Amino acid sequence: MITNGVENVSWWQHRKEGFLSVMDHLIGPPSTFERPLSWWKSQDEGVEELSNFVSNLRPGTALFAANDLAGLKIARVCARKRISVPQDISILGVDDDYLF
């Protein structure tokens, strides 16, 4: 599974393509949930939409977030849905952003 937080940026496109290629080879095409960075920056915007996506994931799913803001938003949605991280869903956020 993959979530996208950055559009039209070459490093993100390379990161995304590499991840999708490996996942496709290992398990088949993964589900995606892609939104622009501005969507992820708002921790309240689109929460219901993201909540629906997360609710349909099987336990044991791993999510690859394009950046730490996306990972944080996913984690907050999981907490609201009482989905345990990392027991039910694992989240990998990248960039080592200072969030707290």
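What covers the buried residues of helix H3 in this predicted model includes strand S2, which spans 32-34, together with H2, S3, H4 and S4. The residues of H3 that are buried are Val47, Leu50, Ser51, Phe53 and Val54, and, seen down the axis of H3, they fall within an arc of 160°, so they line one face of the helix.

If we take Ile89 and leave aside its neighbours within four places in sequence, which residues is Ile89 in contact with? They are Val54, Leu57, Thr61, Leu63, Cys78, Ile83 and Ser84.

Helix H3 also carries a charged residue that I would like to discuss. By the rule used here, the count comes to one salt bridge, and the side chains that meet in it are those of Glu49 and Arg35, at 2.3 Å from N to O. This pair links distant parts of the chain, since Glu49 sits in helix H3 while Arg35 sits in the loop between S2 and H2, 14 residues apart.

Let me turn now to the loop between H4 and strand S4 (89-93), which is where Pro86 lies. The peptide bond leading from Val85 to Pro86 is cis, with omega near 10°. Arg82 has its place in the loop between H4 and S4 as well, and its phi is near 60°, a positive value in a residue other than glycine. Is Arg82 buried or exposed? Arg82 is exposed, because its relative accessible area is 78% and the cut-off for exposed is over 50%.

Finally, there is the surface of helix H1, which covers residues 10-27 and includes Ile27. Val22, Leu26 and Ile27 make a nonpolar surface patch of about 320 Å², and within that patch Ile27 counts as exposed because its relative accessibility is 62%.

Key:
Residues numbered from 1 in each chain as written. Predicted model: local features only at pLDDT ≥ 70, side-chain atom pairs only at ≥ 80, totals over all residues. Heavy atoms only, no water. Contact = heavy atoms within 4.5 Å. Patch = residues over 30% accessible without salt bridge, like charges linked within 9 Å, V, L, I, M, F, W, Y side chains within 5 Å. Areas by Shrake-Rupley, 256 points an atom, 1.4 Å probe, with all protein chains shown as cover. Salt bridge = Lys/Arg side-chain N within 4 Å of Asp/Glu carboxyl O. Helix = DSSP H or I, 4+ residues; strand = E, 2+ residues; numbered from the N terminus. Buried < 20%, exposed > 50% of the residue type's maximum accessible area, 1.4 Å probe, protein only. Arc of directions from axis to C-beta.
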